[in-house]
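Work through the exercises below with the model open. Try each task before you read its solution.

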Amino acid sequence: MMKATAKAHTNIALIKYWGKRDEELILPTNSSLSLTLDGFHTTTTVDFREELREDRFTLDDTEITGDAYQRVSGFLHRIRLLAGKRELYADVRSVNEVPTAAGFASSASGFAALAAAGSRAIGLSLNDQELSRLTRQGSGSASRSIYGGFAEWQMGEKPDGSDSHAVPIAPIDHWDIRVAAVVLSSTQKDVSSRAGMKRTVETSPFYSGWLDSIPRDMEEIKSGIAAKDFEKVGQVAEANCLKMHATTLGAHPPFTYWHDTTMAVMQKVREMRAAGIPAYFTIDAGPNVKVLYLPEQEKQVEETLRSIPGVTDVRLSKSGKGVQYL
Ligand code: DP6
């Protein structure tokens, strides 16, 4: 039987991946670091069958066609090439427990689960690093979801991508740090992360400043994680997010992912800090905000975030596990 099921969680980047040096292989221009989250996951079953003449992809009981199908089928093709089985097609069934409205890239948990289930179903036995390299070619941020807890995607330097993969930085039980996903009423996102980073790399004069700042941020955040220094980790993550978003304002044409409520949440987080509640924000390629906090402050943080006009939901999450086979 050529069938396997895997479950993967999404992750939130504290040092952002923002830019590619190779779009085909998905090789980044900078290393990134994230926390895998237990609240949001995708479970995928891949079934390779001789009688199929093309791949099939079902997401939450809906048959998918168009671009999303092409991306999945293109990725399955990489798995086929690795296994030397070019003519073997698969039936893929995914269930997403990543509320798209919460602004999480479901592509991170989606491609991590697909890579794990697909490679196992076709008979490859990949170690975590090999799996991360494969996953990277589906969606860059997904390469980090192979691991639980904190993970770093090391950009590597080789043109073939053989040294570009994630590595574990600290396991799930190292530190109980939490993330509140703040859901806004206006969630429309008009520039995808893929298109946004491309435009920024090609046209923003601020992009080189972004790149120059990464090695230091990376070093600082890793020492903060090792020392469980929440203030240090929060400060570095928040500043790194602001720098990433600043690059989009310099792009041509310029753009921003922020809405008015995005800025209201950022301001509220700063007010919490001024009132003595340690909390820090980070934002991906969309208007929603993620807030880092410690378990002791959970109640206060949740209440404060829920009270902001324009916030429709707050979803709390702990640190999550890496890929699991079911
Ligand atoms: C802002 O991983 O979605 O969330 O590699 O093109 O699929 P592709 O992009 P994707 O980009 C994520 C960008 C980000 C930052 C991050 O998660 O590191």
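A residue counts as near a molecule if one of its heavy atoms lies within 4 Å of it. Keep in mind that this model is predicted.

**Exercise 1. The shell around the ligand**

Task: Find which residues come nearest to the ligand, and sort the shell by class.

Solution: 
- Step 1. Apply the cut-off. There are 18 residues around the ligand.
- Step 2. Pick out the nearest. They are Tyr17, Lys20, Ser139, Ser141 and Arg194.
- Step 3. Sort by class. The shell holds seven nonpolar, five polar and six charged residues.
- Step 4. Helix H4 (residues 193-203) gives three residues to the shell.

**Exercise 2. Distances to the ligand**

Task: Find how far an oxygen atom of the ligand is from an N or O atom in the side chains of Tyr17, Arg71 and Asp284.

Solution: 
- Step 1. Start with Tyr17. An N or O atom of its side chain is 2.6 Å from a ligand oxygen.
- Step 2. Go on to Arg71. Here the distance from a side-chain N or O atom to an oxygen of the ligand is 3.1 Å.
- Step 3. Finish with Asp284. Its side chain has an N or O atom 3.5 Å from a ligand oxygen.
- Step 4. Now take the ligand as a whole. On its own it has 460 Å² of accessible area, and the protein covers 96% of that.

**Exercise 3. Two domains**

Task: Describe how the protein is divided, and explain why the ligand lies between the domains.

Solution: 
- Step 1. Domain 1 spans 2-174, and domain 2 spans 178-317.
- Step 2. Find the centres. Over C-alpha atoms, they are 24 Å apart.
- Step 3. Count the contacts. In domain 1, 34 residues touch 40 residues of domain 2, with heavy atoms within 4.5 Å.
- Step 4. Turn to area. The two domains bury about 2,900 Å² between them, and carbon and sulfur atoms give 67% of it.
- Step 5. Leu14, Lys16 and Trp18 supply 29% of the area that domain 1 buries against domain 2, more than any other three residues.

**Exercise 4. Backbone angles**

Task: Locate the cis peptide bond, and find where Asp61 sits.

Solution: 
- Step 1. Check omega. It is about -5° at the bond that joins His252 and Pro253, which is cis.
- Step 2. Locate Pro253. The loop between helix H6 (230-249) and helix H7 (260-274) holds this residue.
- Step 3. Check phi of Asp61. It is near 70°, a positive value in a residue other than glycine.
- Step 4. Locate Asp61. This residue is in the loop between strand E5 (56-59) and strand E6 (62-63).

Technical notes
Residues numbered from 1 in each chain as written. Predicted model: local features only at pLDDT ≥ 70, side-chain atom pairs only at ≥ 80, totals over all residues. Heavy atoms only, no water. Polar contact = N/O pair within 3.5 Å; in protein donor to acceptor, adjacent residues only side chain to side chain. Areas by Shrake-Rupley, 256 points an atom, 1.4 Å probe, with all protein chains shown as cover. Helix = DSSP H or I, 4+ residues; strand = E, 2+ residues; numbered from the N terminus. Nonpolar A, V, L, I, M, F, W, Y, C, P; charged D, E, K, R; others polar. Domains from an automatic or database assignment. Buried area = accessible area lost by both parts, 1.4 Å probe.
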